[in-house]
Amino acid sequence: MDSADPPRGRLSRRAWLTTTSGVVAAGLVGTRFDAVDLSARQVPAQDPRSIPGRPPSELGSRAPGERPRRLPGPQVPSSSSRSPLHELDGIITPADLHFERHHGGVPEIRPDGYELLVHGMVDRPTVFTLSDLRRFPAVSRLAFLECSGNGNGTLRRDPSPESTPQEIDGLLSTSEWLGVPLSTLLREVGVRPTASWLLAEGGDAALLARSIPLAKGMDDALVAYGQNGEATRPEQGYPARLFLPGWEGNTNVKWLRRIEVSDRPTMTREETSRYTDPLADGTARQFSFAMDAKSIITFPSFPYALPDRGWWEVRGLAWSGRGRITRVEVSADGGRSWADARLQDPVLPKCTTRFRHLWRWNGSQAFLMSRATDETGYVQPMWDMLVGARGAGTSYHANHVRTWKVARTGEVTFAQGELA
Amino acid sequence: MRRAGLAAAGLAVLAALAACGAPDGSQERDRAEEPARTEGATPGAGATVPVEADGSWSLRLADVSEGPAWPLPAGSPERFGLGTAAGAGRIAPWDRDVRPDGTGLPPGSGRAADGERVWIAKCSACHGPTGTEGPNDRLVGREPREGFPFGAEPRAGPRTVGNYWPYATTLFDYITRAMPQNVPGSLTADETYAVIAWILARNEIVADDVVMDASTLAAVRMPAAGRFVPDDRRGGPEVR
C-alpha cells in the first residue's frame with residue numbers, strides 16, 4: 001500500500017562516513033543523523049573529572065549525541081512513522097521510538113472519561129472504565145508488533161540501494177505489553193456459546209474496526225494499557241488497545257472503545273478493500289492474520305560503512321507470529337552458503353529475537369543475507385519463492401529474505417534490486 | 001450491530017467457550033434454538049471459524065490454541081463484578097456497524113442524483129470530481145472488466161469499489177466511521193445512502209435511478225463478490 005512505501009534518504013553519504021559515534025556500529029561509524037550536529041559534538045568537552053556533574057532530574061533524556069528518531073512517511077499528513085531499527089540493539093523498542101500507523105490521526109483521550117463497551121452475544125453487556133480494567137488480574141508479555149504492509153517496498157524489483165533498515169522494515173517494534181487478558185473480560189460478561197467472532201473498534205477519528213475470531217480473543221489477546229512498564233503511549237493506543245500477539249498490526253485496534261461479540265465477521269473496509277492479499281489465481285486471501293517468520297540484518301546495513309576488513313559482528317532481528325524463532329542463518333555470498341547465527345536470549349514466542357554472527361570481511365564484495373526459521377518449521381523464503389507462491393502483485397506480508405551489499409569500499413547498500 | 005435479525009443457525013461452537021459459564025437461562029435458550037456442532041478447537045490444530053453466514057466458507061486458524069493462554073489466578077471468583085451494566089440506551093449510539101446481510105443499516109434512503117450533490121460538496125476535494133482523480137483513494141473504476149488480476153499483475157491498476165470490494169454494505173459501515181475524513185461521521189443516513197448510490201452508479205453496479213435504502217443496499221451484488229478466500233497459510237515448510 002502506498003502509505004507504507006519507504007521514504008527516501010536525504011543526507012549525503014559522505015556525511016556518515018566522517019562521524020565517529022553510534023552504539024550500533026561499535027564506535028566506528030555513524031549515521032547520517034549524526035552529520036546534523038556534528039560540529040557541536042566535535043568541540044571537546046571539559047574533562048568530566050574536573051567539575052561535579054549535574055544533579056538528578058525528574059525525567060531522563062538521551063545523551064546529546066544519541067539521536068535516534070522515528071521516520072514519518074513522506075505524504076502530508078503522514079499516517080505512519082518507522083522505528084530506527086539500525087540505531088537500536090537488543091529487542092526492546094523504546095516507547096518513544098515505537099512505529100506508528102493510524103488511519104485517523106492520534107486522538108487525545110482523557111483517561112477519566114475512557115470507557116470500553118463489551119456487548120453483543122453476551123449475557124451481561126458491560127462498560128469498563130480504565131480503573132476497572134486495571135483492577136482485573138494483569139499479565140504482561142514481550143511481543144513484537146508489525147504492520148502487515150511492512151517491507152512491501154522491497155517487493156518491487158528496484159528498491160533504492162540507499163534504503164535503511166528503518167525505511168525497509170521500520171513498521172516493526174517490540175514492547176512489554178501489560179494488560180488484562182481479553183479472555184478474562186469475556187468471562188466476566190458471559191459469552192454466548194454460539195458466538196464465534198468479535199468486532200473490535202477504536203475510538204479514533206476513523207473508528208477503525210476489525211473482525212477478530214473469538215478463538216483468538218479466548219487465547220492470548222490482551223487489552224493492553226501498559227507498554228514497557230508505563231502507560232501505553234497515545235500513538236500506541238492510550239488509554240488501552242487490543243494486542244493480538246503475532247497478528248498483523250492493523251488488527252491490534254488502538255484506542256479500543258468497543259468489543260461486540262457476534263457470530264460472523266462485519267466485513268469492514270480494513271478486512272476487504274485493504275489488508276487482503278490477492279493471489280495469482282484470481283482470488284484474494286482474506287483474514288490473513290498471522291505474521292510469518294522474517295528477519296533483517298540491522299548491521300551492517302545502509303547507511304553504515306565498514307572502515308576496515310577483519311572481524312565484524314553481523315547483527316539483526318528475527319521474529320515469527322507463529323511462535324519461537326528456532327534458527328537464523330546468515331550468508332555472506334548471496335545465499336550460496338549459510339552459517340548458523342547465534343540466537344541471543346531471551347528467545348520468546350511471537351517476539352523479536354536478536355541474532356549475532358561473527359564474520360570476517362576479507363575486503364571483497366559481499367552479499368549479506370539472513371534467513372529465519374520458526375518452530376513450525378517455516379523457513380523465511382527468498383523473494384522469488386514468495387512471489388512465485390502468491391503472484392507478482394502481492395503486497396502485504398512481504399517477509400522474504402533481505403540482502404545487503406558490502407562494496408569493496410566498505411559502503412553498504414540495500415541489494416534487493418541488484419540480486420533480483 | 002443490533003442483534004435483531006441475526007439468525008445464528010448451524011454455526012460452529014468453539015469448545016473454548018464452554019469455560020465461559022452460563023449463569024442465567026439465556027444460553028440454554030440459544031442452545032435449544034440453535035443446535036450447534038462442536039469442531040475445530042483441538043489444541044495445535046487451531047480453531048475453525050465460520051465466515052459466511054450460510055457456512056459456505058470458514059477460516060482455519062493454525063496459530064490459535066484453545067485458550068486462555070493465561071489462566072486466571074487460583075481462587076479467582078466466578079465474576080469479579082467490575083464494570084457497569086450497559087443498557088440499550090448506552091449501547092445504541094456506539095453500535096452502528098453494518099454487516100453484509102444489511103443488519104445495522106438505519107432507516108433512510110437516497111438516489112444518485114442527490115448523492116452527486118453530496119459528493120461534490122463533501123468528497124470530491126479529496127477523491128476527485130468523478131471519483132477517479134484523487135488525490136486520495138480512487139473509488140470509481142471497473143477496469144479491468146475481465147478477471148481479477150491484482151495478484152498476478154503488479155500493475156493491475158488501482159483497486160476500486162467497482163473492481164475490488166466484495167460487499168456494498170462496507171461502504172455504509174466505512175463512510176459512517178471515517179468519511180469525510182476531515183469531518184468523519186458527519187453525513188446523515190439519507191446523505192450516506194445517496195452518496196453510496198452515486199458511487200455504485202458511477203461504478204456501473206446499480207442504475208442511476210435506484211433508490212438506495214437498507215434493503216436495496218444489502219441486495220447489491222458486487223463484481224468482486226466471491227473472489228475472497230480464507231487464509232491458507234499454516235506455518236510449516238510450505239511457503240504460501
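Predicted model: local features only at pLDDT ≥ 70, side-chain atom pairs only at ≥ 80, totals over all residues.
Figure 1. Five residues sit between β4(A) and β5(A), and the two strands make a hairpin. For a landmark, find Leu116(A): its bridge partner in β5(A) is Phe128(A). β5(A) also pairs with a strand of the other chain, namely β3 (residues 84–85) of chain B, antiparallel and over two bridges. Here Val127(A) has Thr84(B) as its bridge partner in β3(B). If you are tracing side chains along these strands, keep in mind that in a regular strand they alternate between the two faces of the sheet.

**Figure 2. Trp94(B) and the chain A residues around it.** Trp94(B) belongs to the loop between α2 (88–91) and β4 (109–110) of chain B. Which residues does Trp94(B) touch, leaving aside its neighbours within four places in sequence? They are Glu115(A), Leu117(A), Glu201(A), Arg257(A) and Arg258(A). As for its own chain, Trp94(B) and Ala194(B) are 100 residues apart in sequence, with 23 Å between their C-alpha atoms.

Figure 3. Three strands make an open sheet here, in the order β14(A)-β15(A)-β6(B), and the pairing is mixed. β14 (277–278) of chain A and β6 of chain B are the edge strands, each pairing on one side only. The step between chains is parallel: three bridges connect strand β15 (residues 284–286) of chain A with strand β6 (residues 228–230) of chain B.

**Figure 4. The contact between chains A and B as a whole.** Zooming out a bit, 94 residues of chain A are in contact with 94 residues of chain B. Between them the chains bury about 8000 Å², 57% of it on carbon and sulfur atoms. On the chain A side, Arg187(A), Pro193(A) and Arg264(A) supply 9% of the area buried against chain B, more than any other three residues. How many salt bridges are there between chain A and chain B? The count is 10. There are also 37 residue pairs in polar contact between the two chains, counting pairs with both residues at pLDDT 80 or more. The side of chain A that touches chain B is made up of 41 nonpolar, 26 polar and 27 charged residues.

**Figure 5. A three-stranded antiparallel sheet in chain A.** The strand order in this open sheet is β1-β2-β3 of chain A, with antiparallel pairing. Its edge strands are β1 (71–72) and β3 (100–101), each pairing on one side only. β1(A) meets strand β2 (residues 80–82) of chain A through two bridges. Leu71(A) stands opposite Arg82(A) in β2(A), a handy pair for getting your bearings.

Figure 6. Most residues other than glycine have a negative phi, and most peptide bonds are trans. The bond from Tyr238(A) to Pro239(A) is cis, with omega near 0°, and Pro239(A) sits in the loop between β11 (230–231) and β12 (241–243). The bond from Asp345(A) to Pro346(A) is cis too, with omega near -5°; Pro346(A) is in the loop between β20 (342–343) and β21 (353–361). Then there are the positive phi values. Leu207(A), in the loop between β8 (197–202) and β9 (209–213), has phi near 40°. Trp255(A), in the loop between β12 and β13 (256–262), has a phi of about 50°. Is Trp255(A) buried or exposed? Its relative accessible area is 3%, so Trp255(A) counts as buried, the cut-off being under 20%.

**Figure 7. Chain B on its own.** Chain B carries eight helices and six strands. Reading from the N terminus, they run α-β-β-β-α-β-α-α-α-α-α-β-α-β. Of the 240 residues in chain B, 43% are buried. Among its contacts with a separation of 6 or more, 55% are between residues 24 or more positions apart.

How values were computed
Residues numbered from 1 in each chain as written. Chains lettered and ligands numbered in written order. Heavy atoms only, no water. Contact = heavy atoms within 4.5 Å. Buried area = accessible area lost by both parts, 1.4 Å probe. Salt bridge = Lys/Arg side-chain N within 4 Å of Asp/Glu carboxyl O. Polar contact = N/O pair within 3.5 Å; in protein donor to acceptor, adjacent residues only side chain to side chain. Nonpolar A, V, L, I, M, F, W, Y, C, P; charged D, E, K, R; others polar. Pairing = 2+ DSSP bridges. Helix = DSSP H or I, 4+ residues; strand = E, 2+ residues; numbered from the N terminus. Buried < 20%, exposed > 50% of the residue type's maximum accessible area, 1.4 Å probe, protein only.
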